[in-house]
Amino acid sequence: MDWDIIWLFVQQGVASGLVSGAVYALLALAIVIVYRTTDVANFAQGEIYMAASYLAFFLIVVFAAPSFVAIPVTILIVCGVSAAFQRLVLTRVAAARGVSVNLVIATLGLSYLLKGMVRFSGFGDAPRSFPSVVPDGTVMIGDASLSYLDVVIFAASLVVMAVFFWVFTYTKLGRAMRAVGMNRRAAALVGISLSRVQMQVWAFSGGISAIAALLIAPKLLLTVEMGHIATLAFAAAIVGGFTSLPGAVVGGFIIGIAENMVGLFASSRAIIVTPFVVIMLVLTLKPQGLFGGAIRVRKV
Amino acid sequence: MRKMSKMLGLLAGSALLGLSGVAMAAEPGLTDTTIKIGLFGPMSGPAQAYGQDVMNAAKMYYAKVNADGGINGRKIEIVEEDDRCSPNDLVAAVKKLVEQDQVFILNGGSCSAPVVAAKDYVVRSEVPWVMLNASGDGALYPPQPNIFGAMSISQRAVGGSTVEFAVKQFGAKKIGYINHDDAYGAWNLEAAGPQAKEHGATFLSESVDPKITDVTAPVLKMKAANVDVLILTTYAAPAQLILKKAAELHFNKPIIVAVNAIANLKQMVDNVGTKDAFKNVYIQELLMAKPGSEKLAWVYDMYKKAYPELSAQPGHPQVYMPYGIPPAEVVVKALQAAGRDVTRAKFIDAVEHLNFNSVMAGPIAFTHTEHAAQKSSIYFKFDGDDLTEVPGVFASHWTYKAN
């Protein structure tokens, strides 16, 4: 292979990997924030993302709603549904001596419910396109070619991540979420309402999933199975340490770039297994994940 | 002595009658006036578009045959089952048709994986099975005594035909090929590579997961390899992503899109999003002419007459509707050739001697060792709006060789 081609592959692989990695990172953030504050691995994350895409599609294509209406409405509805699921389902499952596995199964139930609803709508029978508000065209970054949409996806993802970290670090809501994530009992003792914060976290997580969906949907195609992308987000979260928010972001970018590099320098067949190979490598070399911190043994 | 020979004669006569009675009893689904055929396909569910109107086309053909007097004094009686293109549902449907409804032959299957799931049962049952429009390579190779199919095309023939077109139309010396990394993809790749080699062309393939979302790697590799032509034999969604990515990466060589990705051309254009991506795109067609054209008008007219309400609905007739005609023709022609004393064995023998032109690009031809009928395609240049036919018929050369 010529050096020119190797250099082209590296540039394009990194550029395209950062775009897809940004979306994985957003979904990984949504997974990690829920896990940190409620101890639930949300296996419906992909389907929440899928349902958000279809909801926006219905509003724009079927009900002819303008994008500036459809986008906020979609985000609000997904936030509301996610919060309602936490309040109406998960709290009851937890109250009924809910152990972790029951809560996870409840999220699996939600994933099947959402997929069933989209299939029942009749729009899930064939891949569909989501209208893009970004014009066609490409920009060259070095030798790498990215569409305008790619650039918007990447930039918007970074903005959403920045807002997310600002909320999480500097607002009262964010501090409450962090407190619940660190020590639930202590948070309750200082007057934080656990149930309210957990519901807010689910709403927040749903909102991020909806934004990820709205960003990537015009690039990909809408299908009932599009939620499988959450597998990559889980991989990103695991690589990052599963409880670390910066780790989720870095993990997303690592997975996105690794997929492209493996596809370009090894084989396209290997793209699908790349995230799992990365997980294995990270767990073998650094079992707590890249940002998971050292394993601490508490002496009692 | 004469009494004795009379007795022996009577005994021999009754034995013969008994034997013939056994012979008749061994052929379920056959009466003096009817032949029972088990017709199945996806009448509901997400894959309905692949088979609902294909079944309707077969039914209208059988209805026409019945209206014209039937076959050798018998009318065709249809028992329908919905397989939803699901392996479980298809196997259940086939078992019901064979064991409960006792059909004479099976005629069905629009999706490859489900028909492969039913293969072993059907082989054991020894009931002749003429597939509808499934590629069905897994059930057709190696050839099974009682299974016939690929009247539309097999996946091997998809691969061989697209390569033939690339070489003959574009003089391609370096062929890029993106397929799936599943059995479906392996089947079409198995014929494509050797056909390229036969023409002395270099063949580069990239196999991708059907759920792939980022197609940068396979497309960029094809561009970097400077292939003369790129063939896509993926399903619709990956093909659409690849067309979009090829435009983004300024890949400007001809792209041939195999039939696997073309259930709905308008949807394809909508999903790709830009007509710029269709500047140099060719699509494979299995019918003898453009769907809805004059040569095929009789099929569409027959459909409108048979299903006036359905044909008035949007989306009907479905794209694959005419594919239902050749399987029904195979059944009818083989039954006619097998004669009034038809048996399943005679029917199978008759199918193995069929060679006729139907509505497809190439002849419907079976032999004792080739149970996949159709191997040719025609091609259209597609600019996102209009289809322009490229002259010629392009056939796959791949043949099954037992190890």
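Please note that the model is predicted.

I begin with chain A. Helix α5, residues 148-170, packs with helix α8, residues 194-216, at an angle of about 170°. Their axes are 10 Å apart. Angles over 145 degrees count as roughly antiparallel, and α5(A) and α8(A) are therefore described in that way. On the α5(A) side, the residues that meet α8(A) are Ile153(A), Ala156(A), Ser157(A), Val160(A) and Phe164(A). Their partners in α8(A) are Ile208(A), Ile211(A), Leu215(A) and Ile216(A). By class, this contact comprises eight nonpolar residues and one polar residue, with no charged residues.

I turn next to chain B. Helix α2, residues 52-67, has 16 residues, and its first and last C-alpha atoms are 22 Å apart, close to the expected 22 Å. Buried residues in α2(B) include Val54(B), Met55(B), Met60(B), Tyr61(B) and Tyr62(B). Against what do the buried residues of α2(B) pack? They pack against the strands β1, β2 and β3 and the helices α11 and α13 of chain B. After this helix comes Gly69(B), with a positive phi near 115°.

Finally, the interface. Here 31 residues of chain B are in contact with 32 residues of chain A. On the chain B side, the elements giving two or more residues are β7, α8, α9 and α10. Of these, α8(B) gives the most, with six residues. By class, the side of chain B that touches chain A has twelve nonpolar, ten polar and nine charged residues.

Note on methods:
Residues numbered from 1 in each chain as written. Chains lettered and ligands numbered in written order. Predicted model: local features only at pLDDT ≥ 70, side-chain atom pairs only at ≥ 80, totals over all residues. Axes fitted to C-alpha atoms, helices over the stretch in contact; angles between N-to-C directions. Helix = DSSP H or I, 4+ residues; strand = E, 2+ residues; numbered from the N terminus. Parallel < 35°, antiparallel > 145°, perpendicular 65-115°, else oblique. Contact = placed C-beta atoms within 7 Å. Nonpolar A, V, L, I, M, F, W, Y, C, P; charged D, E, K, R; others polar. Expected span 1.5 Å × (residues − 1). Buried ≥ 20, exposed ≤ 12 C-beta atoms within 10 Å, placed from the backbone.
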